[in-house]
Amino acid sequence: KQNDLRTFAPRAPTLLCGGAADPTVYWLDTEALQRYWARVAPGASVEVLDVDAANAGDDAYSDLRAAFAVAKTAVQLDGGDDAVRDAYHAGLVAPACLAAARRFIAAH
């Protein structure tokens with residue numbers, strides 16, 4: 001009961017970062033948390049980054065999404081779809097999200 005975070009809402013700028021095809025941390029959970037915070041803390045500054053999304057324009061993370069796509073393609077060409085699935089969470093998403101987090105913190 002003391003560790004219940006169901007009413008938590010961010011008071012500082014927050015970045016949620018991941019990849020939509022992550023077999024370890026499901027993107028559905030990220031979307032659910034984003035919707036929840038929008039409801040309980042509508043003024044909160046929350047950015048959501050899917051590093052595996054197609055670039056829709058030039059934003060603060062477009063270069064990271066492009067680099068992620070190149071890395072994912074390299075893994076796929078080297079080892080196929082199974083290799084991508086095995087490397088996705090720790091080998092592909094984690095470095096991209098670490099770079100995004102550093103950029104996010106520097107900007108805020």
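**Entry 1: the cysteines**

I began with C17 and found it partly exposed, with a relative accessible area of 25%, and I note at once that I am reading a predicted model. I then looked up C97, which is buried, with a relative accessible area of 12%. The two values fall on either side of a cut-off, because a residue counts as buried when its relative accessible area is under 20%.

C17 and C97 form a disulfide, and I read 2.1 Å between their sulfur atoms. The structure holds one disulfide. Which parts of the chain does the pair link? I found C17 in strand 1 (residues 14-18) and C97 in helix 2 (residues 62-107), so that the link joins distant parts of the chain, 80 residues apart. I also wrote down the angle about the S-S bond, -85°, with which the link of C17 and C97 is left-handed.

**Entry 2: the chain as a whole**

The C-alpha trace spans about 45 × 35 × 20 Å along its principal axes. Of the 108 residues, 26% count as buried. Among the contacts with a separation of 6 or more, I noted that 64% are between residues 24 or more positions apart.

**Entry 3: helix 1**

Does the span of helix 1 (residues 27-40) agree or disagree with its number of residues? At 1.5 Å a residue its 14 residues should span 20 Å, and since I find its end C-alpha atoms 20 Å apart, the two agree.

I next looked up which residues of helix 1 are buried, and they are W27, T30 and W37. They cover an arc of only 85° around the axis, and therefore they lie on the same side of helix 1. What covers the buried residues of helix 1 includes strand 1 and strand 2 (46-50).

**Entry 4: the nonpolar core**

The largest nonpolar core has 14 residues, of which V51, Y61 and F68 touch the most other members. Helix 2 gives the most to this core, with ten residues.

Key: Residues are numbered from 1 along each chain as its sequence is written. This is a predicted model: local features need pLDDT of at least 70, side-chain atom pairs count only at pLDDT 80 or more; totals for chains, interfaces and linings use all residues. Side-chain values use heavy atoms; hydrogens and water are left out. A disulfide is a pair of cysteine sulfur atoms within 2.5 Å. Helices (H or I, at least four residues) and strands (E, at least two) are DSSP runs, numbered from the N terminus. Buried means under 20% relative accessible area, exposed over 50%, partly exposed in between (1.4 Å probe, protein chains only). The expected span of a helix is 1.5 Å times one less than its number of residues. The arc is that of the directions from the helix axis to the C-beta atoms. Contact means heavy atoms within 4.5 Å. A nonpolar core is a set of buried Ala, Val, Leu, Ile, Met, Phe, Trp, Tyr and Cys residues joined through side-chain atoms within 4.5 Å.
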